[in-house]
Amino acid sequence: MRMSQYYLSLLVLSILGLVATALGGVLHRPWHLSLALPTAMLVVGMHSLVIVFVMIGGRLLREASNNCGLSHEYLEQSNVFFKDRTGLFFCVAGAFSIVIAAVLGYGNRAFGLAPDVHLIAGVLAGLVSLAAAPFELKALQRTEALLDTTRETLDTEDRDRAARGLGPVDERHIAYKDSKAHIALFIVIAPWLIYLYQVLIVWQGDFGRVSLHPWVEASAVGLILWIRAKRRPEPGSQS
């Protein structure tokens with residue numbers, strides 16, 4: 001399946017989820033909250049999919065331009081989504097609005113807000129997501145078309161070069177590889193992110209419920225590896 005087809009599937013599921021969630025809220029059904037949370041996650045994922053795919057597509061086109069001699073016109077076309085900003089605005093607004101609506105679901109308990117505030121926020125969030133759909137689908141289809149054209153162009157050029165006894169267009173390109181220092185730095189940071197997730201999300205700020213072990217040891221190992229990598233840098237590394 002193409003990415004635009006995945007997007008359409010998520011869009012249909014999101015619409016069904018939003019409608020069912022709204023009905024559950026209006027009718028005060030107990031399953032409203034159980035359905036609202038996965039629906040909100042689905043909507044955020046749908047909008048995020050567009051931004052991530054366009055960014056990855058732009059990255060691929062940039063690599064093709066820098067290392068395969070592809071015309072920069074392709075890259076400029078892929079940047080239309082971010083230059084125009086209308087589609088990007090709707091993507092971000094759709095994701096944030098549904099999160100705000102979800103948070104306001106607890107507004108009555110936490111802030112004494114009227115239940116209608118949550119209802120209005122949810123309806124507005126749904127409308128923003130629907131308004132974003134045409135822009136997002138167009139951005140996905142544009143990126144897909146650019147990638148298809150790029151693949152066909154480079155494949156044709158590779159066949160022509162092979163017929164002349166030459167290697168592929170990117171034969172001299174050396175792929176970037178993370179240095180040992182970068183990998184070690186990740187090992188230093190990652191355990192603390194897991195620790196903070198357990199403390200802040202799982203146990204809601206109760207530090208006494210979460211042990212520092214084995215996270216502090218794992219981070220210490222990463223620190224040792226990072227120090228060694230910095231003292232003995234790899235030839236040609238970008239650490």
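Me: Which residue with a positive phi follows α8?
Reply: That is Q204, and its phi is near 55 degrees. Keep in mind that this is a predicted model.

Me: What makes the span of α8 close to the expected one?
Reply: α8 has 23 residues and reaches 32 Å from its first C-alpha to its last. At 1.5 Å a residue, 33 Å is expected, and the helix comes close to that value.

Me: Which residues of α8 are called buried, and what cut-off puts them there?
Reply: They are A181, A184, V188, A190, P191, Y195 and V199. Buried means under 20% relative accessible area, so each of these residues falls under that limit.

Me: What do the buried residues of α8 pack against?
Reply: Their partner is α9, and contact here means heavy atoms within 4.5 Å.

Me: What lies in the loop between α8 and α9?
Reply: P214 has its place there, with α8 running over 180-202 and α9 over 215-231. The peptide bond that joins H213 and P214 is cis, with omega about 5 degrees.

Me: Why is H28 called exposed?
Reply: Happy to go through it: exposed means over 50% relative accessible area. H28 has 70% relative accessibility, so it counts as exposed. H28 is found in the loop between α1 (3-26) and α2 (32-67). Its phi is positive, about 60 degrees, although H28 is not a glycine.

Me: How do you know that R85 is exposed?
Reply: The reasoning uses that cut-off of 50% again. R85 has a relative accessible area of 60%, and therefore R85 is exposed. R85 sits in the loop between α4 (80-84) and α5 (86-104). R85 is not a glycine either, yet its phi is positive at about 70 degrees.

Me: What is the volume of the largest pocket, and which residues are closest to its centre?
Reply: The volume is about 1100 Å³. Of the 37 residues lining the largest pocket, T21, H32, A36, G105 and H118 are the closest to its centre.

Me: Which elements give two or more residues to the lining of the largest pocket?
Reply: These are α1, α2, α5, α6 (107-110) and α7 (115-163). The largest share, nine residues, comes from α7.

How values were computed
Residues numbered from 1 in each chain as written. Predicted model: local features only at pLDDT ≥ 70, side-chain atom pairs only at ≥ 80, totals over all residues. Heavy atoms only, no water. Helix = DSSP H or I, 4+ residues; strand = E, 2+ residues; numbered from the N terminus. Buried < 20%, exposed > 50% of the residue type's maximum accessible area, 1.4 Å probe, protein only. 1 Å grid on protein atoms, 1.4 Å probe; cavity = no way out; pocket = protein on both sides within 12 Å on 5 of 7 lines; lining within 4 Å. Points joined across faces, edges and corners; volume = space filled by probe spheres on them. Expected span 1.5 Å × (residues − 1).
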